[in-house]
Amino acid sequence: MSQLFRWRKELCQISAPSVPQLVAVEVVEALPAPQSPAQPPPISRPRKKSSMVTIELGGARRLRVESDIDSEALGRILDVLERR
């Protein structure tokens, strides 16, 4: 007999409660959210000026990217170029 049928048989032998247990629920109107004190807007910092970075790949191949490139994205790009 497979494990599934054994579990099914065991489940059928368990006596279930005759009366389901219910819990009373009362639905009420939601309370308004508490007002928080006004906060000053966040200070915006000027973005650093990005610069171009040249990566020498060898074999007269170069890759130019901006200095603020996402390092994970650059890693994926280099992986692809390395396989070619």
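Student: What makes up the secondary structure of the chain?
Tutor: This predicted model has two helices and two strands. Helices are DSSP runs of H or I with at least four residues, strands are runs of E with at least two, and numbering starts at the N terminus. Along the sequence the pattern reads α-β-β-α. Residues are numbered from 1 along each chain. Local features need pLDDT of at least 70, side-chain atom pairs count only at pLDDT 80 or more, and totals for chains use all residues, while side-chain values use heavy atoms, without hydrogens or water.

Student: How do you know that β1 and β2 pair?
Tutor: Pairing needs at least two bridges found by DSSP. Six bridges join β1 (residues 52-58) to β2 (residues 61-66), so they pair. The two strands run antiparallel. V53 stands opposite V65, and G58 stands opposite R61.

Student: What lies between β1 and β2?
Tutor: Two residues; the strands form a hairpin. G59 in the turn has a positive phi of about 65 degrees.

Student: Why is the contact of R62 and E56 called a salt bridge?
Tutor: The term asks for a side-chain nitrogen of Lys or Arg within 4 Å of a carboxyl oxygen of Asp or Glu. R62 and E56 meet at 2.9 Å, N to O, so the term applies. The structure holds one salt bridge.

Student: Are R62 and E56 buried or exposed?
Tutor: Both are exposed, which means over 50% relative accessible area; buried is under 20%, and partly exposed lies in between (1.4 Å probe, protein chains only). Buried residues make up 5% of the 84 residues in the chain.
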